[in-house]
Structure formats: structure tokens, C-alpha cells
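Student: Could you take me through the sheet, slowly, with whatever packs on it?

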Amino acid sequence: MNTRIQKYLNKNTEAAPLAVFRILFGAMMFLSIVRFWNKGWIETLYIQPKFFFSYYGFEWVKPLGNFTYLIFIICAISALMVMIGYKYRTAILLFFLSFTYIELMDKTTYLNHYYFISVISFVMLFLPAQSYFSIDAKHNKEKAKQLIPNWTIDSVKILLGVVYFYAGLAKLNSDWLVDAMPLKLWLPSKYDIPLLGDLMQEQWVHYGFSWGGALYDLLIPFMLLYRRTRILGFIAVVFFHVITRILFPIGMFPYIMIVSTLIFFNASLHHRILKNVAVVFKINKEYFDNGKLFELQPTTRKIYGGILTVFIAIQLLLPWRYLTYPGELFWTEEGYRFSWRVMLMEKVGFTEFKIVNGKTKEQFYVDNADFLTAFQEKQMSTQSDFILEYAQFLGEYYADKGVGNIEIYVESYVTLNGRRSELYIDPTIDLLKQKESFDHKDWILPFKDEIKGL
């Protein structure tokens, strides 16, 4: 076994696929930041709100007022530096830190693909993506290497495979496959899409998208891995992500996934891509084709290998943590995030907070609009950790206003995938006495239905 592992670790491959991945990744990230800024989302999501929802353990990560724009500037500049391979190690570190800080500022904006970017950029810290077709390699011949270890490219392939395969596993449930939910709710609203609008009203289309989406996610990593099915797989990738981009407002994610999957192709394709880039920007590509091999010192290779092995293992195990919690995952959402569960449910809630003086029993209700944006209130109303954090904030706020003996109760109703609205949180529990932790929140009321499957 050790011999087989050692043999694999000594295998080398062309650096061109990793160079193309670096260029496209940097370009996509730069465009994403520019788009985010241009749409005014920095202002509306991170400057205007009065309150921000924190991730447990990262309460110290907050927007910095107008200095928040500086974080986005650093992120955008570092993405450009990654793209061109200029001071790559510093650039990818700055990008990882700034992007992850942005992601952690308010969990209201959580998206799977934001997490994916943080995961990939962390792994890129340990990859020699600057060794080929980069400014770093151009300025320093010692850094210019045409060959790199196989594991450097395979680590990216594994993470891409995890995203797709786990997204497919998450769809193996009765709501998605038997009831075509929530697509049965979403697709009919797309009636105004040219050519496709009428089709979106047909029930067979809803089931086709549900089953097709599950099969796509489960099969696409393997189709991309094997040479005979790779082109067909890539065509499926383009088709799937173009369709989802047309149907749903999911930003740059479809384009990021399309260009990322190019890394599965042989080096010959990437050399052709780089030749075209070289012609446009008048770069001497032959300078980088020196046949030299990038090698790490044995100790460094062990450290890097250990870190990446543990990190990838975490990505493989983390999505299964929901099994340690009782109750229906879609209802409680305990263990839901960071598990590649993409667009699996339509969840709508109404949550009202009651402030009670424990001694006098005087009470009043909170107008959530006084503290939260409409988007924040929507997210808060269906997620227990949001509800708890907001209740704790309200307790501190009204204590500072002179309200004494505060108790906070909540009346929360939630509907999941078209079901009847049901009481979500135990209305007799004083939320000020509850503490956030990784333990199960036993004040979430039981789900009154059953969703079978993973």
C-alpha cells in the first residue's frame, strides 16, 4: 500500500491545466467582485443593515462600515494577481482571507458556491499554480516549471467531484424524486421565459428536471474523469449550468463551474488555450516549455500532503454531520450548511417576537423591520440559529433601553415545500435562557410529516 501511494506521489504531469485553472479562477473571481459592487450589494447587504447574523464561533467577523469596501478592493486586486500569477503565494493568501472574511460577515448571504470558493482558494495555497505561464515564472527562471506532481491537479478534481456527487446524494429524497418539490413550485413561475415558458407549466417537465438533476450530479464527476465520456460530460455541464442560469438568479456560479471542469481535460487542450492567450497578449509561451519539474522538499511535501489529506477528509465527512441530529434535516436545518445541498427546498416563515417583563407580565411585540432588512427577516424566519441570535440581540437592545426582567418568546410558523404552515418554535420557551452551541435545539417543534431518503 505504501509503495502504491509513493508511486502515485512521484507521478508528474503537465502544469498547463493548473495554469489555465488559475487564470480562469482569478478572472471569474475578479468579475464576481466587480459585479457584486456594481449591483450595489455591498451597500445594501453590509453597510445599511443595523444588525448582522454571525456564524457560531465567528462572532468577531463583522462588516467594517465604509472600510468594508476596502476588503472588496483587496479581494478584487488579489484575484487579478492570482489570474496573472504575480506574487502568487501572497495573492492567493490575500484572496482566501478577504473572500472568506466577506463570506463570514453575515450568514444571511450564505451560498454553497461561496463556501466552494473558500475551499478551492484554501487548497490553492498549497498548489504550484504559478509555476507555468505566470509573471512569477517569467521574472524568475528558477520558478518556471513545465511539470508538476499529479496530486496537485487531482486535489482540485476531487473537490469538484465532491461538490457534484454530494449535491446528487442530497437529491435522493422523496420530496425531490417523488413529489418533484420544490421545482413544482418554482418552474411554473418562469412562464415569461421565451420558448421555455409554456413547458415550465408541464408536470412531466418538473419531474424531468428533478430526476435529471439528480442523475446529472451523481454521474458527472465520473463522466469527466473517464476520457471516453469526457466530452459528453462537458457538454452536459455546459447545458445544465446554462439552463439553471436561465431559470434561476444564481449569479456567476454556473460560469465558475463550467470553466472549472476544464481541468479534467488532457494537457493538450490547455496548451491550445494558452497558445491563444499568448498570441493575444504577445507572450512567448515557449519560454515556459522548459521540461523542468516542480519538486517540493521531502519535509514540505509531507506537511502539504498532510494538510490537504486532512482538509479533503473534512470535506468528505462534514456533509454527514446532520446524522448526529434528531429530526428532519430540512425542518431543523441542523447540519444543513456546508454540505452541498443546493436549491433543495422552498421554505417560508413568519416569526414574531414577544418581549415580556417577567415580574409585571407587561409585554409588547417587536417590529422586525426596525432592526432587519426584508432579506434578513426572510432568512431569519425559517432558521433556528438565526431566531436564537436575533432574540439574544433583542434582549441586549431592550435591556440597554431600560426594560427590566426581560423574557423573549417567539411565535414562528414555517411552511416547507408547499406543505401547510406549522408551528416551528416552542412558544413557551424563553429564548434568552437558551445558548448557541452545536447541540440539538430541543425547542424546535417536531416536523409533522416525513421526508424519506438521504
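Tutor: Let's start with terms: two strands count as paired if DSSP finds at least two bridges between them, and strands (E, at least two residues) and helices (H or I, at least four) are DSSP runs numbered from the N terminus. Keep in mind that this is a predicted model, where local features need pLDDT of at least 70, side-chain atom pairs count only at pLDDT 80 or more, and totals for chains, interfaces and linings use all residues. Residues are numbered from 1 along each chain as its sequence is written, and side-chain values use heavy atoms, with hydrogens and water left out.

Now the sheet. Strand S3 (residues 347-357) and strand S5 (residues 406-416) run antiparallel, joined by 11 bridges. Pick Phe350 and look across: its bridge partner in S5 is Tyr413. Strands of a sheet pair through backbone hydrogen bonds, either parallel or antiparallel. Zoom out and you have 4 strands in an open sheet, ordered S4-S3-S5-S6, with antiparallel pairing. Strand S4 (363-365) and strand S6 (422-423) are the edges, each pairing on one side only.

What lies across S3, S4 and S5? That's helix H18 (residues 384-400), which runs at about 150 degrees to S5. Contact here means heavy atoms within 4.5 Å; the axes are lines fitted to C-alpha atoms, for helices over the stretch in contact, and angles go from 0 to 180 degrees between N-to-C directions. So, to recap the layout, H18 lies across S3, S4 and S5, while the edge strands are S4 and S6.
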